[in-house]
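Then we can walk through it together.

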Amino acid sequence: MSIPKQVLPLCVVAPLLVFAASCVDSKNPLSDEKTSKIDERLIGTWTDQDNTVWKIAKAAKDKNSFDLALCEGDESLHYAMFTTTVKSKSYLSTTALQGEPDDAEKKPESVAYRIYQYVFVGNDTLEIRDMDPIVLIKAIDDKKLGGEVVISKRTVKPLLGFFGKDQIVEEKTPIITDTSENIALYLENHANECFSPKAKAFFVLKRKK
């Protein structure tokens with residue numbers, strides 16, 4: 001079980017297809033255990049559109065962060081989660097944890113974080129928006145945000161496997177390497193581009209009562 005992935009078309013140049021992978025990694029969170037401020041509205045149990053259960057609770061050993069457990073049946077994945085407000089917009093940064101949330105030795109599995117914007121619709125519905133990788137690739141190329149664009153290639157068979165030649169798919173994956181402060185400055189001016197309000201929410205959570 002993992003954060004869902006999808007591939008968004010960036011442009012098509014036959015026979016080379018170029019795609020931007022969603023699910024953008026950042027080497028730094030928007031805020032951390034020292035700078036994050038708890039948004040208590042998030043606390044509780046939620047269910048997303050895939051029936052995955054999200055259990056959000058204050059971290060046992062850190063007053064400024066959350067423990068997030070994603071549960072399916074008897075399996076669960078645990079994340080550290082930090083909430084941030086930038087120009088009245090709400091964001092969360094997550095990173096996977098090793099061990100259970102109350103494990104004294106818990107630590108991030110890697111230095112990778114995911115940054116999302118979240119919006120409450122009433123009290124019991126939560127929309128979580130993912131970063132637009134196409135916007136971030138341009139921001140990195142234009143030097144508006146520190147990062148790198150990783151390019152990988154793979155060969156795909158023609159549609160239905162009957163006609164045409166194999167095509168090479170080039171996938172571009174943006175990785176944010178900038179500081180937390182600079183990411184916040186970028187979002188002050190580009191939040192509506194990076195997290196378009198018109199785009200379909202990546203997750204829609206319903207509070208369990």
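This report goes from the whole chain to its cores, its rings, a helix and a few single residues.

**The whole chain**

This is a predicted model, in which local features need pLDDT of at least 70 and side-chain atom pairs count only at pLDDT 80 or more, while totals for chains, interfaces and linings use all residues. Residues are numbered from 1 along each chain as its sequence is written, and side-chain values use heavy atoms, with hydrogens and water left out.

The chain has 2 helices and 14 strands. Both kinds of element are DSSP runs numbered from the N terminus: helices are H or I with at least four residues, and strands are E with at least two. Of the 209 residues in the chain, 43% are buried. Here "buried" means under 20% relative accessible area, "exposed" means over 50%, and "partly exposed" is in between (1.4 Å probe, protein chains only). The accessible surface of the chain is about 11,900 Å², and carbon and sulfur atoms hold 51% of that. Such areas come from the Shrake-Rupley method with a 1.4 Å probe, and for residues only the protein chains shown count as cover.

Contacts (heavy atoms within 4.5 Å) tell us how the chain meets itself. Among contacts with a separation of 6 or more, 59% join residues 24 or more positions apart.

**The cores**

In soluble globular proteins, nonpolar side chains tend to be buried together. A nonpolar core is a set of buried Ala, Val, Leu, Ile, Met, Phe, Trp, Tyr and Cys residues joined through side-chain atoms within 4.5 Å. Which members touch the most others in the largest nonpolar core? They are Leu42, Trp54, Leu126 and Ile128, out of 19 residues. Strands that each supply at least two residues of this core include β5 (53–58), β7 (75–86) and β10 (114–121). Leaving aside neighbours within four places in sequence, Leu42 is in contact with Ile56, Phe66, Met81, Thr83, Tyr118, Phe120 and Leu126. There is also a second, separate core of 18 residues, with Val24, Tyr186, Cys194 and Phe195 among them.

**Aromatic rings**

Rings of Phe, Tyr and Trp (its six-membered ring) pair if their centres lie within 6.5 Å; planes under 30 degrees apart count as stacked, over 60 as edge-to-face and the rest as tilted. A search of the whole structure finds 7 such pairs. Two of them are listed here.

| Pair | Distance between centres | Angle between planes | Type |
|---|---|---|---|
| Tyr118 and Phe120 | 6.1 Å | 80 degrees | edge-to-face |
| Phe202 and Phe203 | 5.0 Å | 75 degrees | edge-to-face |

Tyr118 and Phe120 are both buried, and Phe202 and Phe203 are buried too. Phe202 and Phe203 also belong to one aromatic cluster with Trp54 and Tyr116.

**A kinked helix**

How far does helix α2 span between its end C-alpha atoms? Helix α2 (residues 180–194) spans only 16 Å, while a straight helix of 15 residues would span 21 Å at 1.5 Å a residue. The expected span is 1.5 Å times one less than the number of residues. A kink of about 70 degrees is centred on Glu188 in α2; the bend at a residue is the angle between axes fitted to the seven residues ending there and the seven starting there. Buried residues of α2 include Ile183, Tyr186, Leu187 and Cys194.

Asn51 lies in the loop between β4 (44–47) and β5. Its phi is near 70 degrees, a positive value in a residue other than glycine, and Asn51 is exposed at 62% relative accessibility. Ser88, in the loop between β7 and β8 (89–98), also has a positive phi of about 70 degrees although it is not a glycine. Ser88 is exposed, with a relative accessible area of 68%.

Is Arg129 buried or exposed? At 12% relative accessibility, Arg129 counts as buried. Arg129 is in strand β11, and its contacts beyond four places in sequence include Tyr116, Phe195 and Phe202.

Finally, find Asp124 in the loop between β10 and β11, which is partly exposed at 28% relative accessibility. Asp124 and Arg207 are 83 residues apart in sequence, yet 4.9 Å apart in space, C-alpha to C-alpha. Trp46, in strand β4, is buried with a relative accessible area of 0%. The C-alpha atoms of Trp46 and Asp124 are separated by 8.8 Å.
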